[in-house]
Amino acid sequence: MPRIVVLGAGPAGCSAGYHLAKSGHQVTLIDKATFPRDKICGDGISFESVQALFTLGIYPQDIKCLAQYAPVCGLRLGVSNGNEHMQTTQLEGYCIPRFELDNLLYQHAVEAGCIPQTQTITDLARSHPDLYHDYDHIIDARGVYAGEANAIAIRAYWSVKVEDFPEPYCSKAHIYFDPKLGVNGYGWLFPVTVKDGLIKLNVGVILWLDEYQKLNTNIIRLFDQFVQKNETTKALLSKLVSQQKPRAYPLTTAKRDNRVSDGKVLKIGDAANLTDPLTGEGIANALLSGLQVAQAINMSVMPAAAAENWQRLYQIHFEPDFQAGLWLKSLRKSFLANQLLISLMKRNHWVAERVMYAVAGLIPYSEFVPSLRY
Ligand SMILES: Cc1cc2nc3c(=O)[nH]c(=O)nc-3n(C[C@H](O)[C@H](O)[C@H](O)COP(=O)(O)OP(=O)(O)OC[C@H]3O[C@@H](n4cnc5c(N)ncnc54)[C@H](O)[C@@H]3O)c2cc1C
């Protein structure tokens, strides 16, 4: 039986560990952090992520048992001049603080049979000087610092009274384009928990590094400018019951000509730059890449073939959509494209629905633009 070590127990590592342990492998799951641990995130669990959670045997009832979660069934997309479109769906996504979600995933991986160890790679290398030869498969799921960072985001938690942010707003994911955040960057506001008359909100901004570097400012200042200027966040600022300081973290969004394996090292999740190139959403792909890498190992006749098979599965299941997403991103050369998108959504229900489902990962970008070549 192949010897497998998974480095990093975020969504990607837990998913890989879960599927490999369930298929009878002995898996060592290593993380430098003791769980539960926090991860700076927008906490948005898209419809695609909900589907991916099903593959790990995590169902809506498991989510509704968590101390903190909020249902999200729709999108409010706007631009800074007040032009906006809001739409409700009959599908439920969620917002779950990563402290809660990642702990649930970790417990699932351990219950499936993974052997958890709290240590860093340096500790591991000390006890296994010949690490590379001691294992048949090394799955690198160490997140963003093992990948190639190309975006940055910052988020804060705010609490307001329910009456200050009532329906239909409190059940929507709010996304706002603002020219200060570049053409591709945006600000968000997601509801995290509705409890004891208070709504906890996750508020943040994301920018792609190529645009950020041209702005000659810093992410904290951009966050402040966004929340003070945007109509929704500005109105909430004077009603805050409490707020937590914003914290920034890099992202590894999709890149071209991506190699996700190197010898016996198989990279997944953020370590493999699998975050959505347009939205920065990464949980679904982290979970799905864990499933696919487990399949690559299980399908391989010889351990040495797993790397090649994982690269192939990546090319089949991730690359076409990433290419289409990167192509769409390259089309958005000016802020006018964002204005146009929202105007189109307001006028045409079909367009609005397709954009919303594409953002939530239910319609692949490659299908969204089937007649166009990228
Ligand atoms: C501000 C922000 C907002 C975001 N919002 C969303 C969102 O709303 N929805 C969404 O889907 N995605 C979002 N993302 C992206 C999402 O957070 C990531 O794509 C996702 O966490 C990737 O999971 P992962 O398992 O690959 O990596 P991680 O979740 O980063 O897990 C990596 C694990 O590896 C461990 N590790 C790292 N180095 C070592 C080491 N040397 N030794 C041992 N262990 C190690 C870490 O402790 C960690 O537990 C956001 C990202 C940011 C920065």
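This is a predicted model: local features need pLDDT of at least 70, side-chain atom pairs count only at pLDDT 80 or more; totals for chains, interfaces and linings use all residues.
Colleague: Why is strand β2 called largely enclosed by the rest of the structure?
Modeller: Five of the six residues in β2 (residues 26–31) are buried, so the strand is largely enclosed. Buried here means under 20% relative accessible area.

Colleague: What makes β1 and β2 a pair?
Modeller: Pairing needs at least two bridges. Strand β1 (residues 3–7) and β2 have five, in the parallel sense. One of the contacts is Ile 4, whose bridge partner in β2 is Val 27.

Colleague: How do you know that β2 pairs with β6?
Modeller: By the bridge count again. β2 and β6 (residues 115–118) share four bridges, parallel in sense, against a requirement of at least two. Thr 28 stands opposite Ile 115 in β6.

Colleague: Why is the unit of β1, α1 and β2 called right-handed?
Modeller: With the strands pointing away from the viewer, a right-handed path from the first strand over the helix to the second runs clockwise. The β-α-β unit of β1, helix α1 (residues 11–22) and β2 is assigned that hand.

Colleague: How many aromatic pairs does the structure hold?
Modeller: It holds 14. Tyr 176 and Phe 226 form one, at 6.5 Å centre to centre and 40° between the planes. Planes under 30 degrees apart would be stacked and over 60 edge-to-face, so the rest count as tilted. This pair is therefore tilted. Tyr 176 lies in β9 and Phe 226 in α8, 50 residues apart.

Colleague: What makes Lys 200 a charge over a ring?
Modeller: The distance limit is 6 Å from the ring centre, with an angle limit too. The charged end of Lys 200 sits over the ring of Tyr 157, 4.4 Å from its centre.

Methods
Residues are numbered from 1 along each chain as its sequence is written. Side-chain values use heavy atoms; hydrogens and water are left out. Buried means under 20% relative accessible area, exposed over 50%, partly exposed in between (1.4 Å probe, protein chains only). Helices (H or I, at least four residues) and strands (E, at least two) are DSSP runs, numbered from the N terminus. Rings of Phe, Tyr and Trp (its six-membered ring) pair if their centres lie within 6.5 Å; planes under 30 degrees apart count as stacked, over 60 as edge-to-face and the rest as tilted. A charge sits over a ring if NZ of Lys or CZ of Arg is within 6 Å of the ring centre and within 35 degrees of the ring normal.
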